[in-house]
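Subject: Structure handover

Hello,

Here is the structure I promised to pass on. Please open it first, then read my notes below.

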Amino acid sequence: MTDGSLVLVIDAIPWAVAHEVWGEGHLPGFSEPVPCVSVFPSFTNVAVPALIGQILGTRPPGYEARYYHPPSGTIRGGLITAEVDRHLAQYRIRPVGPLGMVAGFLVPQLMARGEVLRLVNGFAKEGGHWLAYAAATDGVAHFSGREALTAAFRNVILRIVDARRTIEAEHGTAPAVVLTSDHGMASGPLANVSDADVGEALERAGFVRESPGPNGFFLPAMGEVAAGVCFVAPDRAVMAARILARLDGIDVVIARRSEESALIVRGADEATLEWRDGRCRYLAIPADPLSYAPLLAELQRGGAVDAQGFVDTDGLLTASLRHDYPDALHRIRRALTDLVDFPAPVVFSMRPGFTYGPRLTHVAAAILGGQVGTHGALSSEQSIGFLSVAGLPAPPPVVRAETALVPYRDLVIQGARSS
């Protein structure tokens, strides 16, 4: 291995796309891409920092760049603030400022080409260690669809492979490269549920919009994505979750009940999730909103569930990979506790084919031609990214976003120091 290395996060590349491109022979020298299960909600604002969070200690204040700040009782952030960049600053290449963020959606394919050219030219000419984030592929996925995203990914791979060969020809050894993505992507026609619709449902039940009182609620939505969060008083979380679960377009709603438990609601079905020291218990009697009971029964037959019904969440990662909601229990626990500085008491996931966000965002997306792809939900297609490496030990068969890069922590640290 040379003294140089590249750790690159490529936004919104599903495992299926990466595996298809690898199968075509476009990733010579790289390990077979393995599934990398994102956090929930699988928003870029939390998913990208999560990849390096355990290594560099970075964590965003909220799930999106616009977030609720409980100490002040106000909604903060947005594209025009420095907070967008704060938890991405350790990436040497990334979109910078409001213009950089917006351009990835206005001209995504142009931005994607520009990002990769800037990256590979710098990497090949300057050498050293690089920690980089290519964001514009997310815009390609949202507005141009699966074929365009696959083509954009092939272009990224072609450039990186060429740069690696150039360095090998000059120095005799190819540099180590780590490629990963922050989440998956679902493609197809989309209907939108606005935060105004959600707010009206809560108001009809007696909640008060953006009030600091005991019946107040806050909906700090920003993008048009497939999940959302709601801030209410802790003792109103279950009530709010049951209201939201009845709305068309919403699939699963989770309300935090206590320090170590939550209620999971899907339509009229409810279950309780409890967690203790890396283990969890899913109580789904008689209902089973996540359809996890058969999976847990199989683990129990194999001896993986203790006498109290608790199971190690690491064992659930592999066992639930092909489930409709992969690694859901672990991801839900994190969403309600330590994923962000200010976790919400209510988090919800949209049904396939639905997005959620402000009406203004939806109108802006429609002006750009309308979205044909989304992410954020608990569902498999939107949750599973990929991990592949060259010149390094291959990763295990499936990884979580927050631990995917830990085996390559030295390269991440060196890349961050060079930013």
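This is a predicted model. I start with Glu270. Glutamate 270 is partly exposed, at a relative accessible area of 26%. Its side chain meets that of arginine 242 in a salt bridge, 2.7 Å from N to O. Arginine 242 belongs to helix H8 (residues 237-244) and glutamate 270 to strand E14 (residues 269-276), so this pair ties together parts that are 28 residues apart in sequence. Arginine 242 is partly exposed too, with a relative accessible area of 35%.

Other salt bridges

The count of salt bridges comes to 19. Aspartate 235 and arginine 236 form one of them, at 3.3 Å from N to O. Aspartate 235 is exposed, because its relative accessible area of 59% is over the 50% cut-off. Arginine 236 has 24% and is partly exposed.

Glutamate 274 and arginine 281 give another salt bridge, at 2.5 Å from N to O. Are these two residues buried or exposed? Both glutamate 274 and arginine 281 are buried. There is also a network: Arg333, Arg334, Asp338 and Glu402 are joined by salt bridges that share partners.

Aromatic rings

Seven aromatic pairs were counted. One of them is tyrosine 68 with phenylalanine 231. Their ring centres are 4.8 Å apart, the planes make 55 degrees, and the pair is tilted. Tyrosine 68 lies in strand E3 (residues 66-69) and phenylalanine 231 in strand E11 (residues 227-232), so the pair ties together parts that are 163 residues apart in sequence. Tyrosine 68 counts as buried, at 11% relative accessibility. Phenylalanine 231 counts as buried as well, at 7%.

Now take phenylalanine 123 and tryptophan 130. Their ring centres are 6.5 Å apart and their planes stand at 80 degrees, so this pair is edge-to-face. Phenylalanine 123 and tryptophan 130 are both buried. Elsewhere, ring pairs link Tyr68, Phe218 and Phe231 into a cluster.

The charged end of arginine 164 sits over the ring of phenylalanine 30, 5.8 Å from its centre.

The sheet

How many strands form the open sheet, and in what order? There are six, in the order E5-E1-E6-E20-E2-E21, with mixed pairing. Strand E5 (129-134) and strand E21 (399-400) are at the edges; each has a single partner strand, so one side of each is left without a neighbour in the sheet. Strands E2 (residues 34-37) and E20 (residues 384-390) run antiparallel and are joined by four bridges. Valine 34 has leucine 387 as its bridge partner in E20.

Two helices to look at here are H1 and H6. Helix H1 (residues 15-23) packs on the sheet and touches E2 and E20. Its direction makes about 35 degrees with that of E20. H6 packs on the sheet too, touching strand E1 (5-10), E5, strand E6 (176-180) and E20. The direction of H6 makes about 170 degrees with that of E1.

A residue in H6

Glutamate 168 is found in helix H6 (residues 136-171). It is partly exposed, with a relative accessible area of 37%. Leaving out residues up to four places away in sequence, glutamate 168 touches Thr173 and Ala174. Glutamine 54 is 114 residues from glutamate 168 along the chain, and their C-alpha atoms are separated by 31 Å.

Over to you.

Notes: Residues numbered from 1 in each chain as written. Predicted model: local features only at pLDDT ≥ 70, side-chain atom pairs only at ≥ 80, totals over all residues. Heavy atoms only, no water. Buried < 20%, exposed > 50% of the residue type's maximum accessible area, 1.4 Å probe, protein only. Contact = heavy atoms within 4.5 Å. Phe/Tyr/Trp six-rings, centres within 6.5 Å; stacked < 30°, edge-to-face > 60°. Lys NZ or Arg CZ within 6 Å of the ring centre and 35° of its normal. Pairing = 2+ DSSP bridges. Axes fitted to C-alpha atoms, helices over the stretch in contact; angles between N-to-C directions. Salt bridge = Lys/Arg side-chain N within 4 Å of Asp/Glu carboxyl O.
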